Amino acid sequence: MKGPVPGPERKFRELKAEIISVGTELLLGHTIDTDAAYLSQELAVIGFDVLHRCTVGDNRGRLAESLRQALGRSDLVVLIGGLGPTGDDLTKETAAEVCGKHLVMDEESRSRIESYFRGRECGESQWKQAMLPEGCHVLRNDFGTAPGCLFRSGGGCLVALLPGPPSECEPMVRHVLIPALRRYSDSVIASLMVRTFGIGEGAAAERTADLMQSENPTVAPYAKESEMFLRVTAKAANLQEAESMCRAMAEQVAARLGHCVYDVNTDGSSQSCLEQTVVRLLRERGLTVSFAESCTGGLLAKRLTDVPGASSVLHMSFVTYANEAKHQLLGVPWELLEQYGAVSEPVARAMAEGVRRVSGSSIGVGVTGIAGPDGGTPEKPVGLVYLAVCDGTHTWVRRMNAPARFKSRASIRFRAASTALDLVRRCVCGLPMEEEPV
């Protein structure tokens with residue numbers, strides 16, 4: 001029954017897309033909806049503008065209501081999930097009813113399901129998955145049993161049905177759905193990420209306010225834990241033109257934000273992060289680093305070693321939580337510990353210099369602070385962290401006070417590790433080491 005990709009052949013400059021994720025488990029938070037995020041990214045690349053996304057539970061009435069609304073305002077509606085063999089898998093039946101389609105057995109899909117279960121028990125309910133809207137274009141599932149499909153509703157809207165498990169949905173989107181949808185668009189979308197550390201979203205927006213008024217390419221700020229980035233997006237007739245437009249705008253954005261920018265890269269699955277940038281910079285210059293961590297408890301080393309190739313730049317790391325460890329392993333003088341306390345500028349400085357001396361690394365980093373929730377005092381509150389970087393000639397110390405919104409133990413530790421990584425970046429690149437408002 002495999003039908004052709006639905007016509008017509010004409011292309012559109014603007015294509016409005018909508019995604020409906022189906023499943024009560026999504027509404028309850030038991031399952032994170034990674035499918036919709038992935039699909040949004042892939043549709044954007046081929047020129048579809050995803051203007052609406054919603055999640056509906058396993059309820060025929062509410063799903064039908066959401067689908068009718070979507071059909072009335074979008075050129076493409078993609079429903080994800082609810083194609084399985086169980087009674088609560090209602091997506092296909094509901095979509096067929098709303099779109100005025102009959103479900104018929106697709107013999108090729110039935111044969112593939114039969115082969116999948118060969119040698120194992122296969123109940124009658126499994127054949128439900130091979131019942132597809134009449135005349136649809138079947139989207140083959142090479143990683144599961146439920147096929148997807150693409151068809152036109154009675155009103156002319158394109159409708160796609162996809163399985164819910166990410167291991168099945170993502171390859172179907174990448175290898176089957178996207179190639180089928182390319183014929184409808186005469187444009188592509190490209191994005192670049194201008195990634196920053198050491199500047200807040202508000203300050204970045206002020207510096208780039210006029211650039212954010214641009215309609216193509218667009219510039220939009222996004223905040224994440226302890227850093228922020230600006231996404232530059234352009235639409236053009238081909239990828240080369242779109243990428244060229246993005247690069248030109250990204251250069252303007254980076255010039256406005258200066259040394260707070262740590263990378264400009266494509267927005268893909270291998271997203272850049274501070275630790276990747278630091279590993280790359282150290283490798284390019286043939287430098288090494290070692291860490292002496294107290295309050296971060298090894299998080300700094302963990303984040304660096306998450307990056308492939310970190311073994312060529314990280315010599316060693318110490319978690320010197322106790323004062324005895326700071327003294328015995330790093331050579332921090334007892335006089336400093338007793339006079340200033342473990343959480344202090346002199347001790348952070350001595351930790352960085354000590355770990356560099358002991359390890360023989362190009363750069364030594366020391367981190368000491370109060371991550372909480374207990375242990376703070378009026379003089380040294382929770383969230384106070386001292387970070388030091390030593391390159392053998394100079395030692396720089398940064399004092400970090402976590403704002404109220406970052407007072408959780410996990411946030412303080414992550415923020416401290418990020419700040420340390422940024423200090424290493426600045427040290428390696430010869431950038432100013434003074435404190436930035438973050």
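The second largest pocket of this predicted model holds about 400 Å³ of space. Its lining is made up of 27 residues, and those nearest the centre of the pocket are Gly81, Gly82, Pro163, Gly164 and Pro165. Sorted by class, the lining of this pocket comprises ten nonpolar, ten polar and seven charged residues. Strand 1, helix 1 (24-27), helix 2 and helix 6 each contribute at least two residues to the lining.

Of these elements, helix 2 may be followed from one end to the other. Aspartate 33 caps the N-terminal end of helix 2, with a side-chain oxygen 3.4 Å from the backbone nitrogen of aspartate 35. Helix 2 itself covers residues 34-45, twelve in number, and spans 17 Å from its first C-alpha to its last, close to the 16 Å expected at 1.5 Å a residue. After helix 2 comes glycine 47, which has a positive phi, near 95°.

Which residues of helix 2 are buried? They are Asp35, Ala36, Tyr38, Leu39, Ser40 and Leu43. In an α-helix there are 3.6 residues a turn, so residues three or four places apart point the same way. The cover over the buried residues of helix 2 includes strand 1 (15-22), strand 2 (48-56), strand 3 (76-80), strand 8 (158-162) and helix 6 (166-181).

Glycine 155 is located in the loop between strand 7 (148-152) and strand 8. Glycine 155 counts as exposed because its relative accessibility is 78%, and the cut-off for exposed is over 50%. Between glycine 155 and valine 77 there are 12 Å in space, C-alpha to C-alpha, although the two are 78 residues apart in sequence.

Terms used. Residues are numbered from 1 along each chain as its sequence is written. This is a predicted model: local features need pLDDT of at least 70, side-chain atom pairs count only at pLDDT 80 or more; totals for chains, interfaces and linings use all residues. Side-chain values use heavy atoms; hydrogens and water are left out. Helices (H or I, at least four residues) and strands (E, at least two) are DSSP runs, numbered from the N terminus. The expected span of a helix is 1.5 Å times one less than its number of residues. Buried means under 20% relative accessible area, exposed over 50%, partly exposed in between (1.4 Å probe, protein chains only). Contact means heavy atoms within 4.5 Å. A polar contact is a pair of N or O atoms within 3.5 Å; within protein, one must be able to donate a hydrogen and the other to accept it, and residues adjacent in sequence count only if both atoms are side-chain atoms. On a 1 Å grid over the protein atoms alone, a cavity is a set of points where a 1.4 Å probe fits but cannot get out, and a pocket is an open set with protein on both sides within 12 Å along at least five of seven lines; lining residues have an atom within 4 Å of a point. Grid points are joined across faces, edges and corners, and a volume is the space filled by probe spheres set on the points. Ala, Val, Leu, Ile, Met, Phe, Trp, Tyr, Cys and Pro count as nonpolar, Asp, Glu, Lys and Arg as charged, and the others, Gly among them, as polar.
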